[in-house]
Amino acid sequence: MLADGEVHLWQVFTQTFQSRGPKLNQLLSGEESDQLKRFYFEKDRTRFAVAHGTLRILAGRYLNIPPRLVNFRKQSNGKPELAEYRTAESFSFNLSHSHQLVVLAFSRYPNLGVDVEYIRPMPDFQQIADCYFHENERAAFQSVPLCKREKAFFDYWTRKEAFVKATGEGLSRPLNSFFTSIGSVKQGGMLGIGGERIITADWNLLSFTPAWDYTGAVAFEARTSLLKESGHLMGKVPAGGTNRQ
């Protein structure tokens with residue numbers, strides 16, 4: 001059940017679903033099947049099938065309809081939404097994947113975005129931060145100890161990606177045009193968002209740690225105040241465990 005004021009996060013490890021690839025492929029739309037074929041590497045095809053097949057399974061459970069009847073369409077800004085169903089206006093979703101992890105978010109409010117990143121060596125992270133971080137973030141970033149700066153980079157990056165996915169602006173909004181609150185976490189772990197054309201009170205942002213060596217963030221409207229505990233969809237957690245937020 002998806003109650004008002006809740007955001008549900010599901011985390012799915014692709015290696016758990018490798019043997020179920022053919023069944024998940026059958027759930028994809030024609031457009032998604034064509035997109036799947038364009039991936040060169042098998043690992044990318046598996047991740048895409050797991051992400052989009054699982055999205056249909058979970059959406060079907062929330063809506064109490066078979067996964068095959070779950071249809072999506074793209075808004076004018078390219079953000080996917082539910083189509084051809086009476087609850088489309090009160091049901092939103094978003095997904096993100098990185099390395100072997102897929103995270104799916106669901107809510108009853110329309111503006112929802114989630115992003116997850118595998119924390120990996122990034123030799124040019126400082127140059128990327130200089131280019132895409134807001135001046136407030138750059139200043140705070142420089143105060144982070146060097147040994148922790150790479151992890152902090154991915155924390156900031158997921159927050160920014162989650163927000164532009166929630167608004168549907170994507171690459172049309174410069175990532176350096178806004179900032180997430182630095183050093184002052186709101187009650188309940190919420191982070192504020194400020195900057196160009198943003199009313200901070202309208203938005204909330206939460207960072208979370210879905211699994212070892214991963215970081216993530218979810219952005220949503222301020223009136224959505226409860227984040228439900230994340231869960232693993234089938235299968236065991238890989239070595240290293242996970243934190244629930």
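Two rings of Phe, Tyr or Trp count as an aromatic pair if their centres lie within 6.5 Å; planes over 60 degrees apart make the pair edge-to-face. Keep this rule at hand for the first two exercises. The model is predicted.

**Exercise 1. Find how many aromatic pairs the chain has, and classify the pair Phe133 and Tyr156.**

Solution. 
- Step 1. Apply the rule to the chain: the count is 18 aromatic pairs.
- Step 2. Take Phe133 and Tyr156: their ring centres are 5.6 Å apart, and their planes meet at 85°.
- Step 3. Compare the angle with the cut-off of 60 degrees. The angle is 85°, so this pair is edge-to-face.
- Step 4. Locate the partners. Phe133 sits in the loop between α4 and α5, Tyr156 sits in helix α6, and 23 residues separate them.
- Step 5. Check burial, which needs under 20% relative accessible area. Phe133 has 0%, so Phe133 is buried. Tyr156 has 7%, so Tyr156 is buried too.

**Exercise 2. Describe the pair formed by Phe163 and Trp203.**

Solution. 
- Step 1. Centre to centre, the rings of Phe163 and Trp203 are 5.2 Å apart.
- Step 2. Their planes stand at 80°, and the pair is edge-to-face.

**Exercise 3. Which residues of helix α5 are buried, and where do they lie around the helix?**

Solution. 
- Step 1. Helix α5 covers residues 135-142; its buried residues are Glu137, Ala140 and Phe141.
- Step 2. Look down the axis of α5. The buried residues fall within an arc of 105°, so they line one face.
- Step 3. Recall the helix rule: with 3.6 residues a turn, residues three or four places apart point the same way.
- Step 4. Turn to the other side of α5: Glu135 and Ala139 are exposed there.
- Step 5. Find the neighbours. The buried residues of α5 pack against α4, α6 and β7.
- Step 6. Phe141 belongs to one aromatic cluster, whose members include Phe125, Phe133 and Tyr156. Arg149 lies over the face of Phe141, at 5.9 Å from the ring centre.

Technical notes:
Residues numbered from 1 in each chain as written. Predicted model: local features only at pLDDT ≥ 70, side-chain atom pairs only at ≥ 80, totals over all residues. Heavy atoms only, no water. Buried < 20%, exposed > 50% of the residue type's maximum accessible area, 1.4 Å probe, protein only. Helix = DSSP H or I, 4+ residues; strand = E, 2+ residues; numbered from the N terminus. Arc of directions from axis to C-beta. Contact = heavy atoms within 4.5 Å. Phe/Tyr/Trp six-rings, centres within 6.5 Å; stacked < 30°, edge-to-face > 60°. Lys NZ or Arg CZ within 6 Å of the ring centre and 35° of its normal.
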